[in-house]
Every structure is written in structure tokens, then in C-alpha cells.
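Here is a short briefing on one protein model. Please keep the structure open while you read.

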Amino acid sequence: MSESFEIQAESRNDLGKGASRRLRRNENKMPAVIYGGGQAAESITLIRKDFEKQLENEAFYTSILDVIVDGKHESAILKDMQRHPAKGFPMHADFLRIEANKAIKVHVPLHFINESKAQGVKIGGGMIQHQATDIEVQCLPKDIPEFIEVDMLNVDLGDIVHLSDLTLPEGVVSTALALGEDHDLAIASIIAPRGSKAAEGEAEAE
């Protein structure tokens, strides 16, 4: 990963829902927590507009972040985030400290390529449906991929792309597939457009 992200944070002692509301309303800041790595969880404060700017970069979600709390540097990943249900801005973030030799689980976005050139689209006139936009993988922090490509070029009408069809980087495993073949989830498919004879045939078969 070539991207590097630095997050300036302050330690926070004023805890509770009321304190968090005051923080967001009066100071344009947001509460967060950093935990893991064999250390105690620590409540911290972020500048919301700076954090929002970083969220615009897709690489941020799968990068090892340099979280600086009162001048102390800690390596972490963004593990979870809560957004406002109506306005969408971030309200709280969870950062997980990482250890270089310890595998972690992280969600990685899927990048679908060659969709307009797919056999089932270009020749069969079908439409692509995405059943997933990211997958959970497990790997060492240094091996976290920024994204995983899903090549749709040779996918035909009626075909389904499963987890097992993806090519994962070395050292990266799917947490779902690790549970067995029954967890080989669908990622994408090409279906006949509604109203076509093929679609009517599929409906009758179902």
C-alpha cells in the first residue's frame, strides 16, 4: 500500500452520551476509541472535518493508519464507524491497534472490471447484479490489499461469480471460505433483462 494517513487525536476524559453530543455540537469534533494490541482501550477526540476528508479516499479503509494521540504514535486500522442515520456524517470511530506479526480481519472493497465487455452483457444482452461490494479477509497487516479485482470479462449470461472464483493476493484468505464450501457466497451474476425470453424462461424454471 502506497498511501499513508496521519490522524491527529487528543485523549478524552469527558465520557458519556451527553459529553459526546456536546463535543459534536459545540466543537465540531467527534468521539472515537482506540483499543487492542495488548493495551487498554483509550477514548479519544478527532477533528471531524479532517476525518471526513480522509474518508473520501477509498484506500483509507484498508490502510495502516498513524494515529497520533497527544503526540504518541500508534499504528491502527479503522475497524468500525457510526454515521448519522439521516445526514451521513461520521459520529464515532473505532480504531484497532495492530501488531506486525498478528493476522487481523478486515473488509476489503471489490473492484469490478470489464463489465461492459462481459460475454453475458456484450453478446447475451444481460445485466450485471452485484451481490457484494466488499469481502472480509484475514491476513497480516502488511498484506492488507487496497482492493480486490473481480474480472467479469468471461462471465456469461446466467453465470454466477462466487468467492472461490476470486484471486486473492498471497497471504490473504477469505474468512467465509475458511468456514467451508457452504460459505462460498455469490459475488456477482449476469441475468437476462426483464421481459426477455430468457428471463421468462428463468422465471418459469423457478
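The model is predicted. A search of the whole structure finds six salt bridges, and three of them are described below.

- Four bridges join β8 to strand β13 (residues 186–191), in the antiparallel sense.
- I128 has I190 as its bridge partner in β13.

**Pairing around β1**

- Strands of a sheet pair through backbone hydrogen bonds, either parallel or antiparallel.
- Strand β1 (residues 5–11) pairs with strand β4 (residues 65–69) in the parallel sense, over five bridges.
- Opposite Q8 stands I68 in β4.
- β1 also runs antiparallel to strand β3 (residues 39–47), with three bridges joining the two.
- Opposite E10 stands T45 in β3.

**R48 and its partner**

- R48 lies in helix α2, which spans residues 48–55.
- Leaving aside residues up to four places away in sequence, R48 touches N28, K29, M30, F89 and P90.
- R48 counts as buried because its relative accessibility is 17%, below the 20% cut-off.
- The side chains of R48 and E52 meet in a salt bridge, at 4.0 Å from N to O.
- R48 and E52 are four residues apart in helix α2, so about one helical turn separates them.
- E52 has 26% relative accessibility, so E52 counts as partly exposed.

**Two further salt bridges**

- Side chains of opposite charge can pair when their charged atoms come close.
- R97 forms a salt bridge with E74, and the closest N and O atoms are 2.5 Å apart.
- This pair links distant parts of the chain: R97 is in strand β6 (residues 90–97) and E74 is in strand β5, 23 residues apart.
- R97 counts as buried, with 7% relative accessibility.
- E74 also counts as buried, at 6% relative accessibility.
- K142 forms a salt bridge with D143, with 3.1 Å between the closest N and O atoms.
- K142 counts as exposed, at 61% relative accessibility.
- D143 is partly exposed, with a relative accessible area of 22%.

- D70 lies in the loop between β4 and β5 (72–83).
- D70 counts as exposed because its relative accessibility is 54%, above the 50% cut-off.
- The loop between β7 (104–113) and α3 (119–122) holds N114.
- N114 counts as partly exposed, with 26% relative accessibility.

How values were computed. Residues are numbered from 1 along each chain as its sequence is written. This is a predicted model: local features need pLDDT of at least 70, side-chain atom pairs count only at pLDDT 80 or more; totals for chains, interfaces and linings use all residues. Side-chain values use heavy atoms; hydrogens and water are left out. Buried means under 20% relative accessible area, exposed over 50%, partly exposed in between (1.4 Å probe, protein chains only). Contact means heavy atoms within 4.5 Å. Two strands pair if DSSP finds at least two bridges between them.
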